[in-house]
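Subject: Structure for your review

Dear colleague,

Please find below the structure that I am handing over to you.

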Amino acid sequence: MQRHITGFSNPTVKYLRSLRDKKHRKRSGQFLVEGLRLLEDARACGRLPQMLVMAEGRSSHDLLARLEAEVVAAGGEVITTTPDILSKITGKENAQSVAGVFDEWDTSLAALDRTAAPIWLVAQALRDPGNLGTMLRTGDAVGAGGLILIDDCADPFSAEAVRASMGAVFTVPVAQARWEEFLPWLRSGTGQLVAASLRDAVPYRSAAYQAPCFILVGNESQGLPEGYEIACDLRVTMPMKGRADSLNAAVAGAVLAYEVLAATGG
């Protein structure tokens with residue numbers, strides 16, 4: 001279906017604007033993605049938007065034309081509107097000329113294939129969507145099986161996290177769980193849980209990593225709870241040569257991920 005919207009008070013515009021809010025995303029099971037590059041990344045991964053919203057007067061582009069045709073062929077909806085309305089929808093003054101609405105997918109632990117890769121990323125209480133997106137990009141770069149979000153983390157389907165992931169939200173499986181759910185799931189099969197920590201830790205460059213390795217990073221300001229650290233199979237420390245006492249959570253995860261990748265023959 002194709003239609004044109006010209007009014008700010010249109011119910012569809014109100015619905016699309018609501019997707020900027022986590023509460024409405026969870027209620028609807030959908031999220032908004034802005035920009036042709038991200039939409040093309042999604043298409044390349046086999047995910048098409050249920051709704052494609054395009055600004056009238058936009059420049060023609062072969063990728064956008066192909067995306068539009070595939071959305072229509074799949075039974076999705078294509079909407080054209082004014083640039084001002086699209087800006088209102090995305091909340092950005094200089095909005096890009098296209099946005100898409102996607103269905104959220106299953107983020108339960110049961111949806112993961114833990115045999116898919118020798119390395120996994122796990123984040124506990126990660127609150128910054130930029131850090132979450134960065135961890136997704138790291139996961140894509142190292143071929144991680146997925147990113148598992150523990151306890152109260154930022155929403156992986158927020159506009160900020162999706163943008164920071166540079167498309168990796170479509171390539172790296174994401175799971176969300178409480179610690180009480182994650183730990184029994186992990187122990188139900190093989191898997192080494194490794195955390196950056198100062199508690200009885202060994203230097204990260206000489207640690208004995210084993211695949212599959214689950215790399216755990218904690219909250220940006222508080223780190224990991226004591227009980228979580230104790231439950232890990234291995235705790236590693238990274239040298240801090242300057243005055244800073246810790247690395248950014250996403251950066252620490254990336255450093256460890258590449259070290260594990262090298263140590264396990266990746």
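Predicted model: local features only at pLDDT ≥ 70, side-chain atom pairs only at ≥ 80, totals over all residues.

Salt bridges

The structure holds 13 salt bridges. In one of them, R25 pairs with D155, and the closest N and O atoms are 2.7 Å apart. This pair links distant parts of the chain, since R25 belongs to helix α2 (residues 22–28) and D155 to the loop between β7 and α7, 130 residues apart. R25 is buried, as its relative accessible area is 4%. D155 also counts as buried, with 5% relative accessibility.

D155 has a further salt-bridge partner in K26, at 3.7 Å from N to O. K26 lies in helix α2 and D155 in the loop between β7 and α7, so this pair ties together parts of the chain that are 129 residues apart in sequence. K26 itself is partly exposed, with a relative accessible area of 38%.

Elsewhere, the side chains of E226 and R199 form a salt bridge of 3.8 Å, N to O. E226 is in helix α9 (residues 226–230), whereas R199 is in the loop between β9 (192–196) and β10 (202–203); the pair therefore ties together parts that are 27 residues apart in sequence. E226 counts as partly exposed at 49% relative accessibility, and R199 counts as partly exposed at 31%. As for the bridges around D155, shared partners join R25, K26, E104 and D155 into one network.

D151 is placed in the loop between β7 (147–150) and α7 (159–165). Is D151 buried or exposed? D151 is buried, because its relative accessible area is 15%, and the limit for that class is under 20%. The side chain of D151 makes a polar contact of 2.8 Å with the side chain of Y228. When neighbours within four places in sequence are set aside, the residues in contact with D151 are Q124, A177, R178, W179 and Y228.

Helix α6

Helix α6 covers residues 129–142, which is 14 residues. From its first C-alpha to its last, α6 reaches 20 Å, close to the 20 Å expected at 1.5 Å a residue. At the N-terminal end, α6 is capped by D128, which places a side-chain oxygen 2.7 Å from the backbone nitrogen of G130. After the helix comes G143, with a positive phi near 70°.

Which residues of α6 are buried? They are N131, L132, G133, M135, L136, T138, G139 and V142. The elements that cover these buried residues include β6 (119–124), β7, α7, β8 (174–177), β11 (213–217) and α10.

Surface patch

M240, L247 and V251 make a nonpolar surface patch of about 210 Å². M240 counts as partly exposed because its relative accessibility is 32%.

Yours sincerely

Key. Residues numbered from 1 in each chain as written. Heavy atoms only, no water. Patch = residues over 30% accessible without salt bridge, like charges linked within 9 Å, V, L, I, M, F, W, Y side chains within 5 Å. Areas by Shrake-Rupley, 256 points an atom, 1.4 Å probe, with all protein chains shown as cover. Salt bridge = Lys/Arg side-chain N within 4 Å of Asp/Glu carboxyl O. Buried < 20%, exposed > 50% of the residue type's maximum accessible area, 1.4 Å probe, protein only. Helix = DSSP H or I, 4+ residues; strand = E, 2+ residues; numbered from the N terminus. Polar contact = N/O pair within 3.5 Å; in protein donor to acceptor, adjacent residues only side chain to side chain. Contact = heavy atoms within 4.5 Å. Expected span 1.5 Å × (residues − 1).
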